Amino acid sequence: MSEIAADTYRITTYHEPWRSTVNQFLVLDDEPTLISTGLRERFEDTWAGLAQLLDPSRLRYVVVPHFEADECGALNDLLLRAPNATPLASMRTVITSLADVAVRSPRGVGDGEVIGTGTHGLRMLEAPYVHAWDGIVIIDEHTKVAFTADLFIQPGRGEAVVRDDRSALSVQLYKTFYGLPPEAYLQRALDRIESAQPTVLAPGHGAALDRQPRAVLSRLSRARG
């Protein structure tokens, strides 16, 4: 568990089969919000990490960036212990998967909608087909942290925050394991992230990238060439 920005914490476990960290992010505010749940098999580790910062049963929102095990595998375990937590996800995620899977009704968020948590405001930006067809990127308008799920990931155990340039590694890993997304969707997502002027990119795997968003965005944008 590490603080990566004001009121913003990375809670991570290392997942050996993937040779990478699996990151969740807590925005500690009047209405505490968890972004990604982590894998179901590591739920107790995630809960223990949260408990270092707050009573996890106080969680108000759990954001699911897209429908995959590391983003929502532990969702129901969290909902059963956090009675006031509402799952948030894109309309695509809710309609096609989450409404049936979740033990509590999820709320679909609109593109550009801001969820106020107190001091922080989390803007939900649709980013379909960039990694998953139902994906969203979350921008904290207070800290300018961009929670990018499976964009800008890196392998290894990873430090919490790095300032050295990881852009080449991130792009190569993405090309090797996922292939590059369709150009139009990728460029739209990158443009929207860049227009938010993020100071930190917080991906779902690897370190948070501080003071280098423009370099990573630029390299990924050029990767097709």
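**Charged pairs, aromatic pairs and overall form**

Visitor: What is the relative accessible area of Arg-107?
Guide: Residues are buried under 20% relative accessible area, exposed over 50% and partly exposed in between (1.4 Å probe, protein chains only). Arg-107 therefore counts as partly exposed, its relative accessible area being 35%.

Visitor: What kind of model is this?
Guide: Residues are numbered from 1 along each chain as its sequence is written, and side-chain values use heavy atoms, with hydrogens and water left out. Local features need pLDDT of at least 70, side-chain atom pairs count only at pLDDT 80 or more, and totals for chains, interfaces and linings use all residues, since this is a predicted model.

Visitor: With which residue does Arg-107 form a salt bridge?
Guide: A salt bridge requires a side-chain nitrogen of Lys or Arg within 4 Å of a carboxyl oxygen of Asp or Glu. For Arg-107, the closest N and O atoms of the bridge are 2.4 Å apart. The partner is partly exposed, at 23% relative accessible area, and it is Glu-113.

Visitor: How many aromatic pairs does a search of the whole structure find?
Guide: Rings of Phe, Tyr and Trp (its six-membered ring) pair if their centres lie within 6.5 Å; planes under 30 degrees apart are stacked, over 60 edge-to-face and the rest tilted. The search finds three.

Visitor: Why does the pair of Phe-25 and Phe-147 count as tilted?
Guide: The ring centres are 5.4 Å apart. Phe-25 lies in strand β3 (residues 20-27) and Phe-147 in strand β11 (residues 145-149), so the pair ties together parts 122 residues apart in sequence. Both residues are buried. The pair is tilted because the angle between its planes is 55°.

Visitor: What is the angle between the planes of Tyr-129 and Tyr-185?
Guide: Tyr-129 sits in the loop between β9 and β10, and Tyr-185 in helix α6 (residues 183-195). Tyr-129 is partly exposed at 39% relative accessibility, and Tyr-185 is partly exposed at 38%. Their tilted aromatic pair has a centre-to-centre distance of 4.8 Å and a plane angle of 50°.

Visitor: What is the radius of gyration of the protein chain?
Guide: The radius is taken over C-alpha atoms, and the globule rule is 2.2 Å times the number of residues to the power 0.38. For 225 residues, a compact globule would have a value near 17 Å. The C-alpha atoms fill a box of roughly 50 × 35 × 35 Å along the principal axes. The chain agrees with the globule value, having a radius of gyration of 16 Å.

Methods: Helix = DSSP H or I, 4+ residues; strand = E, 2+ residues; numbered from the N terminus.
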